Amino acid sequence: MSAFPPPFYRWRPHPWHGLDAGPDAPRVVTAYVEITPSDPVKYELDKVTGYTRVDRPQRSSSHPPTIYGFIPRTYCATRVAALSGPEAEKGDGDPLDVCVISERQIDRGDITLAARVVGGLQMIDNGEADDKIVAVLQGDLFWGKVTDLDELPDRLIERLTHYFSTYKLIPGSESEASIARTYGREHAEAVVRASQADYADEFEGPA
């Protein structure tokens, strides 16, 4: 029997460990999509199997303002936390999250896309760094020429900030998640690089 022909895979690659961040990362990254703006349910990658599972129905009526997922082969640990300053005791131990802005509606998850990094939200969740990289869909006819966060509408950043400040909110209690600040492309690319280095430390070991 002949070998399975490259570059095809005999088995589906794990979305976190089997894909990569993209040849032009941290400028342009691969995003694995978990949630779309039309989803009233929070989906999340099962880190063991690589399948997308239902994490929880959203408690509030708000929907994510953008496409939402993560960058493969990234990990939020000590280097990402160091970029967050004293507010973060450690990274959240997850792949780095990314919010992707697209003029055309993308209404399905479990897909990948190329996105150009333009900035981010420095989120602290229960003392852990949980940054949200903000990116635009590569080649988007409306947003494709945006190069930095300050070129996006203030109201869109406001929506993102409000959503992530409240999406874990349980009625009758205070949210443990907050957005410490927003930042532009240069710092966002540094966060991506830090998460790649954290991933190498955690999963690849010494060179």
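Tutor: Let us begin with exposure, where a residue is called buried under 20% relative accessible area, exposed over 50%, and partly exposed in between. In this predicted model, Arg53 has a relative accessibility of 33% and therefore counts as partly exposed.

Student: Which residue forms a salt bridge with Arg53, and how far apart are the closest N and O atoms?

Tutor: A salt bridge requires a side-chain nitrogen of Lys or Arg within 4 Å of a carboxyl oxygen of Asp or Glu. Here the partner is Asp55, with the closest N and O atoms 3.7 Å apart, and Asp55 is itself partly exposed at 26%.

Student: Which parts of the chain does the pair of Arg79 and Asp198 link?

Tutor: The side chains of Arg79 and Asp198 meet in a salt bridge at 3.8 Å, N to O. This pair links helix α1, which holds Arg79, to helix α3, which holds Asp198, across 119 residues. Arg79 is partly exposed at 37%, whereas Asp198, at 2%, is buried.

Student: How many salt bridges does the structure hold?

Tutor: There are 16 salt bridges in the structure. Another of them brings together the side chains of Glu128 and Lys90, 3.7 Å from N to O; because Glu128 lies in strand β8 and Lys90 in strand β5, the pair ties together parts 38 residues apart in sequence.

Student: What is the volume of the second largest pocket, and which residues are closest to its centre?

Tutor: The second largest pocket holds about 210 Å³ of space. Its lining has 14 residues, and those closest to the centre are Pro37, Pro65, Thr66, Ile101 and Ser102. By type, the lining divides into 8 nonpolar, 3 polar and 3 charged residues.

Note on methods
Residues numbered from 1 in each chain as written. Predicted model: local features only at pLDDT ≥ 70, side-chain atom pairs only at ≥ 80, totals over all residues. Heavy atoms only, no water. 1 Å grid on protein atoms, 1.4 Å probe; cavity = no way out; pocket = protein on both sides within 12 Å on 5 of 7 lines; lining within 4 Å. Points joined across faces, edges and corners; volume = space filled by probe spheres on them. Nonpolar A, V, L, I, M, F, W, Y, C, P; charged D, E, K, R; others polar. Buried < 20%, exposed > 50% of the residue type's maximum accessible area, 1.4 Å probe, protein only. Helix = DSSP H or I, 4+ residues; strand = E, 2+ residues; numbered from the N terminus.
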